[in-house]
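Please read it with the sequence and the model side by side.

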Amino acid sequence: MKRILSLVLALLMALSLTATAQEPMVLKYGTDAEPIGFDPHTVPALASTRIMLQMYETLVDVDENMNVVPLLAETWEQPDDLTYIFHLRKGVKFHSGREMKAEDVKYSFERILNPDLGALGNSASYAGYIEKVEVLDEYSVKFTLKQINAPFLSALASSYLSIVDKEAVEAAGGNLLQSSGGTGPFVLGEWVPDNSVTVHRFEDYWQEGVKFERIEFYVITDPSARMSALRTGEVDLIVGDSAMLSLAEKAKNVEIYKVRSRNYTTLCLNLNKEELKDVRVRQAISLALNRQEIIDLAFNGEAEISGFAPASMGHWAVDVLEHPLYQQDVEKAKELMKEAGYENGFTLTCTVGLLDSIRNSGTVIQQQLAAIGINVDVQNKENAQYVDDWKTHNFDLMVCQNGAGTDPNRAVAFFFSTTGSANIAEYSNPRVDELCELAAGTTNVDQRREYYHEAINIILDECPNVTFASPYDYIYASTDLKGYAPTASNMVNFRFAYIEK
Amino acid sequence: MSDKKTYVDRRLPTGDSLLKQLWQDPLGRAGFLGILFILLLALFAPIIARYDVAQINSKARLAAPSGTYWFGTDNFGRDIFSRIVYGAQVSLLVGVVSVSIAAGIGYLFGLAAGFFEGKVESTIMMLMDIIFAFPSILLALLIVAVLGTSIVNTMIAIGIVNIPVFARTVRASVKAVKGTDYIANARSVGLKNSVILFRHITPNSLAPFTVQATLALSSAILTEATMSFLGLGIQPPNPSWGSMLSEARTYMEMAPWMVVFPALFIIFTILSFNILGDALRDALDPKLKL
Amino acid sequence: MKNYIIRRVLMLIPILLGISIAIFLIMQLIPGDVVSGILGIEETPELRAMWEKKLGIDKPLVTQYFNWISGVVRGDFGESFRTGAKVFPEILWRFSISAELAILACIVAWIIAFPLGILSALKRNSFIDRIVRVAALLGVSVPGFAFATLLILFLALVFGYYPPIKYVSLMQNPLKNLEIMILPAIVLGSSMAGSVMRMTRSSMLEVLRQDFIKAVRAKGAPERITIMRHAFRNASIPIVTLVGMQIGILMGGTVVIEQIFSIPGLGQYLLTGIFQRDFPIVQGTVLFMATIYVIINLLVDILYTYIDPRITYS
């Protein structure tokens, strides 16, 4: 009897001990979409990037002021315009435990440039200018470019150019969609499709101070359900939705993180359309818009009036608030329409996608353009169809959300140079093309800025698209979450975050 | 001696007596009046509505119900009452047109399958099985994805999905009638197939068909709402109740009126159709008469 | 009977083949493809060509179809274009989840519908009968997504409760699994209850009229026993078959509810596949669902002959 009693006591003690033992620190993150695999070289989806950023790192990083800063490469030098030599940080380990060396950098870029992979970085915006990558010694690697390319350094910060573990890629059969082979602070754990992804702390991570034992990413597509999950403490952090802002403000235990994004929402015009060939019509459209009203109604007021080089681009940005075409003036717009011979107006279709802000912008624009006699027929497309129309330039007007990227080369040349692969308006201006080339051909920052500003101003006057808003990104988190500081470059940096109740 | 089943006349009672019978059933009466109410709302929408349904107004965004806006306003500052009233047009139109498509095609298929039997029957019924084997909401989505999003395409998609139910109902009643002496007699006096089909079999299969149509109307409205939720229903700025409800979900807590009114009207309409269908079934089902 | 079953099973082959061709063609007709989705704004003609080759969608349609269907016959449904994961094991895993949800939803529906249906039949045409019928129909009349969002919001605001967010299977943790499944099951079940109630009511009415019930009553059996042991048992045959059909329909009908409650079911898999143009997922899932549906149909037909000897197939 006594024995049983002592046994029970011991059991109870053991139980209470495990209960008081410190629980590992876990971050629960409510996200809005299901990831589609975790190969940093082939998967662009934001839902995946969010998780891949925990697992992979790049040679360099870009800070919130758009300066290039060291990451896996500690230092670099540029002996001539076409050559970059990177000196790698020593003691950085892959998740397999093997040290990352120059060979791995070489392998990563060869993988990206291998035509069979179809890597996203294998294009002019990223690694396309690389001629060859050579290993100088264990910790030094030399890149030779085909031509001068000023945006090269900042492009290296893109997660599409992450450094991966050759052995891990081979072990996984050539793709990393469901495994992790990076140097980041977390390692891929369990993936329950359409429910959750868990990443665990990588104990050999080269930086100290990672506090979370694991991060669990949950898919909760419904914004109101996500908000409920946060308020009941079921998750610690959610992807915010501007419609929920007033609720987040009211909730006592919720902290709001507001970040200027590098995205902007714009009305793309198809310059092949007869009426839109006339610059006066395009300017009239810009004058007809009340941008603040679009923001109030379609973005719940949570965006700023912006051009296609948004304020988050720092010194590269051009302030559009004072630009004459950004001031709503219906009378002047009507005059321009009259001058162009369209006094009686005409009808255009406007293609919009499923994203709430895009779809709702279409509704508001339809009303605003009616005032100058343009009858807009809004066409809502399901996502894949929308992308298809975008790609084949099958639209009159289209509301798009674009990312301006980390370098003005992306914001300007990619979207507006005659050969730019995202130039869906089919806009062509020889001076803009020339300026883009000049800017890519020099590494003098002031000089580049001058070129880009001139190009941006030309484009603003000629209106191949009519940009109106740059939305804020929102993260709502529990007030217990500390040490978390999201930026436009990285909204999901939890390296030094922790939970303190 | 053949043991032919005795002929049960399942023709619709004449319009007059059926209405009378429905009217006597309190539920039938309620369903009937409910639908009449929505129908009147749709018919007189231009008179009843108080504002332009598409007119946005950033100053009156998410306004609570008041004397100015009886049902409040939505996230575009549009008057919800007016949108509900016009939404009755859209929702009823979607229901009626898609059910007509389904009923029309399903009827012909069912009639042909039931009457001709053999190869015709097995081919038609196999086609019906193929359609039926797809989960309905997902099939409707696929069809809209192929055709593109528009009101007409939504109606076509919901219509196609509902064809098999009608085909089966009609086929079953055709077969039931066919086995009777009544039709055998018609044949023996030398009536042509087409005459037998349309003069004798059609009226006899109308009863279950009518019930089916009433119920299909309610499910069509519900399907449209669900498709709107998935982003492929009736497209804004058209005010269908389904799209209003699905747009309102995000504002459920800040502006509950955005959810409450479209939801009430959807539920009311579907319920009315269901109750009427239920009562009709009772009225037409001789087995339930004690 | 044996011949009948063999014939029916043989008939399944053209139906399933027809479905496989139909879904294959529908996917080809939908504008937009998986490559656009993968590459998005980064697309260039070179990258597109690489991806088309990699995924095998550069081959002629007929070749693509035969490659796929010959795999299917061998039990290999291919791999997801996007994630590279094998489709068939994932279908099976998700099927187990959707099936569990469907069964739970049926149980909820029965719990609501049977007592109400019996009550409604016994008190036929009374005030109670009408209230019960309207209440049952109300469940069918509420859009599931609205009910689900409202339920989540209500529980969060009033009780500060949110269902467990991490999915665990029935095997891992039965209690937690039930806690996850119960809310979606209630939403789905309440929408099914209407038709089950209706069926219960009319079959009960029919049985109650029959002579043997009159005989049982005449023998002086207590009313409760008469109803439960004799009447309901006999009335339950058509009800059970209706339920069988509903499980089949539920396989696809749960998609919206699965999405709202973050449950990784089969419908959700198919929906994502459609939106992302992930052909192997869509084709595989549709074919699988159709097979299940067709088999349930066959079983119900066969079951009929055992339940009701008057029905014969030749």
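Predicted model: local features only at pLDDT ≥ 70, side-chain atom pairs only at ≥ 80, totals over all residues.

1. Features described locally rest on residues with pLDDT of at least 70.

2. Chain A and chain C: extent. On the chain A side, 50 residues are in contact with 47 residues of chain C. The two chains bury about 3,800 Å² between them, and 57% of this area lies on carbon and sulfur atoms.

3. Chain A and chain C: polar links. Three salt bridges are found across this interface. In one salt bridge the side chain of A:Glu190 meets that of C:Lys166, at 3.3 Å from N to O. The residue pairs in polar contact between chain A and chain C, with both residues at pLDDT 80 or more, number 14.

4. Which elements of chain A give two or more residues to the side that touches chain C? They are the strands S8 (186-192), S9 (196-201) and S10 (214-219), together with the helices H6 (223-231), H13 (383-392) and H14 (408-416) of chain A. H13(A) gives the most, with six residues. By class, the side of chain A that touches chain C has 24 nonpolar, 16 polar and 10 charged residues.

5. Chain B and chain C: extent. Here 41 residues of chain B are in contact with 46 residues of chain C. About 4,200 Å² is buried between chain B and chain C, with 77% of it on carbon and sulfur atoms.

6. Chain B and chain C: polar links. The count of salt bridges between these chains is two. One salt bridge joins C:Arg198 to B:Asp278, with the closest N and O atoms 2.3 Å apart. Three residue pairs are in polar contact between chain B and chain C, both residues being at pLDDT 80 or more.

7. H2, H5 (118-133), H6 (136-147), H9 (193-229), H10 (241-248) and H11 (256-284) of chain B each supply at least two residues. Which of the helices gives the most? H11(B) does, with nine residues. The side of chain B that touches chain C divides into 28 nonpolar, three polar and 10 charged residues.

8. Helix packing within chain B. Helix H2 (residues 26-43) and helix H4 (residues 80-116) of chain B pack at an angle of about 110°, and their axes are 7 Å apart. Angles of 65 to 115 degrees count as roughly perpendicular, and H2(B) and H4(B) are therefore described in that way. From H2(B) the contact draws on B:Ile38, B:Leu39, B:Leu41 and B:Ala42, and from H4(B) on B:Val85, B:Ala88, B:Gln89 and B:Leu92. The contact has seven nonpolar residues, one polar residue and no charged residues.

9. Helix packing within chain C. Helix H5 (residues 87-122) and helix H12 (residues 266-276) of chain C have axes 7 Å apart and an angle of about 135°. H5(C) and H12(C) are therefore oblique to each other. On H5(C) the residues involved are C:Val87, C:Glu90, C:Ile91, C:Arg94, C:Phe95 and C:Ser98, and these meet C:Leu266, C:Gly267, C:Gln268 and C:Tyr269 of H12(C). By class, this contact comprises five nonpolar, three polar and two charged residues.

Notes:
Residues numbered from 1 in each chain as written. Chains lettered and ligands numbered in written order. Heavy atoms only, no water. Axes fitted to C-alpha atoms, helices over the stretch in contact; angles between N-to-C directions. Helix = DSSP H or I, 4+ residues; strand = E, 2+ residues; numbered from the N terminus. Parallel < 35°, antiparallel > 145°, perpendicular 65-115°, else oblique. Contact = heavy atoms within 4.5 Å. Nonpolar A, V, L, I, M, F, W, Y, C, P; charged D, E, K, R; others polar. Buried area = accessible area lost by both parts, 1.4 Å probe. Salt bridge = Lys/Arg side-chain N within 4 Å of Asp/Glu carboxyl O. Polar contact = N/O pair within 3.5 Å; in protein donor to acceptor, adjacent residues only side chain to side chain.
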